[in-house]
Amino acid sequence: MNNILSFNISTPNDISSQIASRVKARRLELNLTQEGLSTRAGLKFATYRRFEQTGEISLHGLLQIAFALNALSDFDILFSQRQYQSIDEVLNEQKKIRKRGKKNE
């Protein structure tokens, strides 16, 4: 058995690059060119090309791409309310909620 702990710590840059790679893979599955997808998404070709190369794009642009790929519903889970498995989890979470402090006058 391997006793080494494995940590998967991703940075925002790592995640944006992974998203760009997944979009590229989906584009290729659909046999679309970069120009074809950028047109469907209503983006400038250079904007889309930069996204695939660097992972950099505005949120609105990413949503346009998701819409063009029929994947907009993939964003539904992002920042959704946490689903609890027991009442104990709910109670423990409520203990962690901090109240706002007083404003200085």
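In the predicted model, Arg27 forms a salt bridge with Glu52, with 2.6 Å between the closest N and O atoms, a salt bridge being defined as a side-chain nitrogen of Lys or Arg within 4 Å of a carboxyl oxygen of Asp or Glu. The pair links distant parts of the chain, since Arg27 belongs to helix α1 and Glu52 to helix α3, 25 residues apart. Both Arg27 and Glu52 are buried, where buried denotes under 20% relative accessible area, exposed over 50%, and partly exposed the range in between, with a 1.4 Å probe and protein chains only. By the stated rule, the count comes to one salt bridge.

The model is predicted, and local features therefore need pLDDT of at least 70 and side-chain atom pairs count only at pLDDT 80 or more, whereas totals for chains, interfaces and linings use all residues. Residues are numbered from 1 along each chain as its sequence is written, and side-chain values use heavy atoms, with hydrogens and water left out.The protein has five helices and zero strands, and along the sequence its pattern reads α-α-α-α-α; helices (H or I, at least four residues) and strands (E, at least two) are taken as DSSP runs and numbered from the N terminus. Of the 105 residues in the protein, 20% are buried.

The largest pocket holds about 300 Å³ of space. On a 1 Å grid over the protein atoms alone, a pocket is an open set of points where a 1.4 Å probe fits, with protein on both sides within 12 Å along at least five of seven lines, and lining residues have an atom within 4 Å of a point. Grid points are joined across faces, edges and corners, and the volume is the space filled by probe spheres set on the points. The lining of the largest pocket consists of Ile19, Arg22, Val23, Arg26, Leu62, Ile65, Ala66, Leu69, Ala71, Asp74 and Phe75. Two or more of the lining residues are given by each of α1 (12-29) and α4 (59-68), and the largest share, four residues, comes from α1. By class, this lining comprises eight nonpolar, no polar and three charged residues, where Ala, Val, Leu, Ile, Met, Phe, Trp, Tyr, Cys and Pro count as nonpolar, Asp, Glu, Lys and Arg as charged, and the others, Gly among them, as polar.

For the second largest pocket, the volume is about 190 Å³, and its lining is made up of Ile15, Ser16, Ile19, Phe51, Gly55, Ile57, Ser58, Leu59, Leu62, Phe75 and Leu78. The elements that give two or more residues to this lining are α1 and α4, with the largest share, three residues, contributed by α1. The lining of the second largest pocket divides into eight nonpolar, three polar and no charged residues.

On the surface, Leu59, Leu63, Phe67 and Leu72 form a nonpolar patch whose accessible area together is about 390 Å². Patches are made of residues with over 30% relative accessible area and no salt bridge, like charges being joined within 9 Å and nonpolar side chains (Val, Leu, Ile, Met, Phe, Trp, Tyr) within 5 Å; accessible areas come from the Shrake-Rupley method with a 1.4 Å probe, and for residues only the protein chains shown count as cover. Leu59 lies in helix α4 and counts as exposed because its relative accessibility is 57%.

Two residues other than glycine were examined for their backbone angles. Asn70, in the loop between α4 and α5 (87-96), has a positive phi near 55 degrees, and it counts as exposed because its relative accessibility is 72%. Phe79 is also placed in the loop between α4 and α5; the phi of Phe79 is positive as well, near 60 degrees, and Phe79 counts as exposed because its relative accessibility is 79%.

Contacts between residues separated in sequence were considered through C-alpha positions. Gly42 is found in the loop between α2 (34-41) and α3 (45-54), and it counts as exposed because its relative accessibility is 55%. The C-alpha atom of Gly42 is separated by 7.1 Å from that of Gln64, which is 22 residues apart along the chain.
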